[in-house]
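Please read the points below with the model open beside them. They are meant for someone meeting this structure without earlier notes.

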Amino acid sequence: VLPRLSAVLRAEAPGVKLVIAPFSDRLGSSEEPASLQIRLTWGDERPPGIRSQRLLTDSFVVLMRRGHEAARAPMTVEHYASLNHIKVSAAAVGTTIIDDSLANRGLERNVVLTVPHWIEVPSIIERTDLVAVVPARWCQSDNRLTRFSTASLPLDEVTLNVDQCWDSRRDRDPAQRWLRQRIAKIFAGQDSS
């Protein structure tokens, strides 16, 4: 999204300055009231005074190297939990929803490696017996992931939602409204860049 949004801003609003900040679980805690967040969400809870628009809902897949033994059997919840996992830190993604869903079933996965972000995951998966969970759309849009095997994550309640959230006091701000519309078009695949 960021490369397309950057192209739109450079072409249509070159005076706009965009600041990309690390994940925060609180909207507006340190930002100006005009801030806008594009964030992963794991449910429909929203803080009071915050408006939001769902931009994307996606499922997850289990990513593994080609030829991985796990690809030969159906990916049941029990089979998934029995594998060796690489996990992106909860501090980076803001959730433990997979582990919580497994715990609700009396299961626990064997996380042998936790990393701070996604960048290293493909090269680690390619060289090990570890598996990771990634959004299904990433496998379609990231050429690095086409060389891997995938299976549907057997936890149907675990979905990835991407919302844009903003302070309700800025709901009618014309500049922010324009930006929100442009972002929504990019997520819908309707941008021209």
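**Notes on the model**

1. At 34% relative accessibility, Trp138 falls in the partly exposed class (buried is under 20% relative accessible area, exposed over 50%, partly exposed in between, with a 1.4 Å probe and protein chains only). Trp118 is partly exposed as well, at 25%.

2. This is a predicted model, in which local features need pLDDT of at least 70 and side-chain atom pairs count only at pLDDT 80 or more, while totals for chains, interfaces and linings use all residues. Residues are numbered from 1 along each chain as its sequence is written, and side-chain values use heavy atoms, with hydrogens and water left out.

3. How many aromatic pairs does the structure hold? There is 1, formed by Trp118 and Trp138, with 5.0 Å centre to centre and 80° between the planes, edge-to-face. (Rings of Phe, Tyr and Trp, the last by its six-membered ring, pair if their centres lie within 6.5 Å; planes under 30 degrees apart are stacked, over 60 edge-to-face, the rest tilted.) The pair links distant parts of the chain, 20 residues apart: Trp118 lies in the loop between strand 5 (110-115) and helix 5 (121-127), and Trp138 in helix 6 (residues 136-141).

4. The protein has 7 helices and 8 strands (DSSP runs numbered from the N terminus: helices are H or I of at least four residues, strands E of at least two). Of its 193 residues, 39% count as buried.

5. Helix 1 (residues 2-12) and helix 7 (residues 174-187) have axes that come within 10 Å and cross at roughly 135°. (Axes are lines fitted to C-alpha atoms, for helices over the stretch in contact, and angles run from 0 to 180 degrees between N-to-C directions.) Helix 1 is therefore oblique to helix 7; under 35 degrees is roughly parallel, over 145 roughly antiparallel, 65 to 115 roughly perpendicular, and the rest oblique.

6. Which residues meet between these helices? Arg4, Leu5, Val8, Leu9 and Glu12 in helix 1 meet Trp178, Leu179, Arg182, Ile183 and Ile186 in helix 7 (contact means heavy atoms within 4.5 Å).

7. Arg180 places its charged end over the ring of Trp166, 4.1 Å from the ring centre. (This requires NZ of Lys or CZ of Arg within 6 Å of the ring centre and within 35 degrees of the ring normal.)

8. Val111 belongs to strand 5 and is partly exposed at 28%. Beyond neighbours within four places in sequence, Val111 contacts His85 and Lys87.
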